Amino acid sequence: MSESVTRIQVGGSAGSEPYEVLVGRRLLGELAGLIGEKATRVAVIHPEALAETGEALRADLAEQGYEAVAIQVPNAEEAKTAEVAAYCWKALGQSGFTRTDVIVGVGGGSTTDLAGFVAATWLRGVRWIAVPTTVLAMVDAAVGGKTGINTAEGKNLVGSFHPPAGVLCDLAALDSLPVNDYVSGLAEVIKAGFIADPAILDLIEADPQAARTPAGPHTAELIERSIRVKAEVVSSDLKENGLREILNYGHTLGHAIEKNERYKWRHGAAVSVGMHFAAELGRLAGRLDDATADRHRAVLESVGLPLSYRYDQWPKLLQTMKVDKKSRGDLLRFIVLDGLAKPTVLEGPDPAMLLAAYGEVAE
Ligand SMILES: NC(=O)c1ccc[n+]([C@@H]2O[C@H](COP(=O)([O-])OP(=O)(O)OC[C@H]3O[C@@H](n4cnc5c(N)ncnc54)[C@H](O)[C@@H]3O)[C@@H](O)[C@H]2O)c1
Ligand SMILES: O=C(O)C(=O)C[C@@H](O)[C@H](O)[C@H](O)COP(=O)(O)O
Ligand SMILES: [Zn+2]
């Protein structure tokens with residue numbers, strides 16, 4: 001695998017500050033440049049699973065002369081709560097964190113969503129840097145500035161658009177990731193393939209087993225291609241006034257499943273079922289051809305992602321989907337495909353069609 005660093009620019013054309021996503025190895029030397037000279041204090045927010053990494057980073061920053069604090073938060077979705085955000089605010093207050101100081105979020109998407117949200121809200125917004133350590137966070141969560149936490153009513157219901165100053169994707173971090181988490185991240189990679197870059201699907205289909213591991217021959221290319229899809233979309237529509245909704249492919253049902261499972265399912269697994277559902281919905285709506293719809297099932301299954309969910313849960317899922325952020329009043333809206341890499345919005349589908357699509361997905 002190449003030791004070179006790929007730099008992908010995000011933003012700059014829609015009024016937001018441009019920043020770079022770096023993909024490579026041994027990237028932490030880039031951190032001080034991104035933190036900048038105005039900062040006195042740096043807070044490293046990391047999950048329990050990365051306690052050693054968080055502490056090593058803190059010690060390194062302290063050696064460079066910053067007043068560095070490490071803030072450890074729970075693993076996975078348990079970090080995305082108002083209580084954990086308040087715990088972080090308290091730690092920032094106690095360390096005298098000012099507007100020129102910087103937050104570094106190191107971890108998976110749950111940690112970067114939380115760290116970005118804390119950065120967005122502390123003193124009404126401070127600089128932050130994302131150091132994603134899962135496939136999913138590298139290709140999706142850490143890029144684009146959507147930050148947030150969950151509430152009892154649903155997923156990501158409180159948040160802010162607050163782009164990072166930079167994103168460092170160190171591929172070496174993936175070596176310690178449990179295979180289940182690695183595969184879960186592939187759901188967002190596959191999403192990028194279906195909505196915009198079918199070459200991603202070709203690479204995975206050529207050797208699905210290899211795609212399941214960071215040692216696979218196409219790991220860097222899959223990650224970079226997915227980041228480019230995300231970067232292009234969020235660069236032209238940061239605040240989701242239109243185009244950005246395509247990144248929500250599979251998420252309307254996916255988020256409802258996550259809530260129904262009390263966030264014990266990984267996001268990517270739920271989005272996998274959600275994409276299967278969206279493909280069936282697109283097919284039933286007369287938008288999507290059979291071959292592309294069937295391809296969803298085949299590619300998701302080939303890497304070990306789930307396709308099905310419990311039939312009897314439909315009424316609860318439907319209720320939760322009503323508070324999806326794409327809903328407008330009582331109108332449910334879904335991203336479906338008009339064809340491969342042709343995402344579009346399906347507004348207010350007939351309830352019978354929704355149930356029929358769910359029937360194809362349910363077990
Ligand atoms: N903001 C966005 O645009 C966006 C996009 C996609 C997903 N998300 C969010 O991302 C979250 C899912 O993120 P995720 O799939 O990265 O999972 P995660 O952050 O929940 O992490 C999964 C588990 O892996 C651990 N972990 C992280 N990196 C590790 C490493 N290198 N080695 C060993 N363990 C490691 C974590 O501590 C956690 O226990 C969801 O909350 C989802 O809503 C946000
Ligand atoms: O960046 C986006 O926009 C996305 O929709 C990417 C999704 O993969 C991600 O899960 C996002 O957090 C979902 O956003 P939400 O607005 O539906 O909560
Ligand atoms: Zn997602």
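Residues are numbered from 1 along each chain as its sequence is written, while chains are lettered from A and ligands numbered from 1 in the order in which they are written. Since the model is predicted, local features need pLDDT of at least 70 and side-chain atom pairs count only at pLDDT 80 or more, whereas totals for chains, interfaces and linings use all residues.

The protein chain is assigned two parts, domain 1 (6-176) and domain 2 (179-213 + 215-361); such bounds come from an automatic or database domain assignment. Between the C-alpha centres of domain 1 and domain 2 the distance is 26 Å. To their contact, domain 1 contributes 29 residues and domain 2 contributes 31 residues; two residues are in contact if their C-beta atoms, placed from the backbone, lie within 7 Å. On the side of domain 1 that touches domain 2, at least two residues each are supplied by β1 (6-10), β2 (19-24), α5 (135-141) and β8 (154-161). These names refer to DSSP runs numbered from the N terminus, with helices (H or I) of at least four residues and strands (E) of at least two. Helix α5 gives the largest share of that side, five residues. Sorted by class, the side of domain 1 that touches domain 2 holds 14 nonpolar, eleven polar and four charged residues. In this classification Ala, Val, Leu, Ile, Met, Phe, Trp, Tyr, Cys and Pro are nonpolar, Asp, Glu, Lys and Arg are charged, and the others, Gly among them, are polar.

The annotated positions come next. An unreviewed UniProt entry places a "binding site" feature at T133, T134, K146 and K155; UniProt positions are given in the numbering used here, feature names are shortened, and annotations may be inferred rather than shown by experiment. T133 belongs to the loop between β6 (127-132) and α5, and T134 also lies in the loop between β6 and α5. T133 is buried, because 29 other C-beta atoms lie within 10 Å. The term buried applies to a residue with 20 or more other C-beta atoms within 10 Å of its own, exposed to one with 12 or fewer, and partly exposed to one in between, with C-beta atoms placed from the backbone. T134 has 26 C-beta neighbours inside 10 Å and therefore counts as buried. Apart from neighbours within four places in sequence, T133 is in contact with L50, V106, G107, G108 and A173.

H251 is part of helix α10 (residues 251-260) and is buried, with 26 other C-beta atoms within 10 Å. Beyond residues up to four places away in sequence, H251 touches V271 and G274. H267 is placed in helix α11 and is buried, with 28 other C-beta atoms within 10 Å. Its contacts, leaving aside neighbours within four places in sequence, are G109, L136, S184 and E258.

Helix α11 has 18 residues and reaches 25 Å from its first C-alpha to its last, close to the 26 Å expected at 1.5 Å a residue; the expected span is 1.5 Å times one less than the number of residues. Since 18 of the 18 residues of α11 are buried, this helix is largely enclosed by the rest of the structure. Just after α11, G286 has a positive phi of about 75°.

Helix α12 (residues 290-302) has 13 residues that should span 18 Å, and its end C-alpha atoms are 18 Å apart, which agrees. Its buried residues are T292, A293, R295, H296, V299 and L300. Seen down the axis of α12, they fall within an arc of 150°, so they line one face of the helix; the arc is that of the directions from the helix axis to the C-beta atoms. Their cover includes α6 (179-195), α7 (199-206), α11 (267-284) and β10 (333-337). The face of α12 turned away from its buried side carries the exposed residues D290, A291 and A298. D290 counts as exposed because it has 8 C-beta neighbours inside 10 Å. D290 and A279 are eleven residues apart in sequence, with their C-alpha atoms 9.3 Å apart in space. After α12 comes G304, with a positive phi near 95°.
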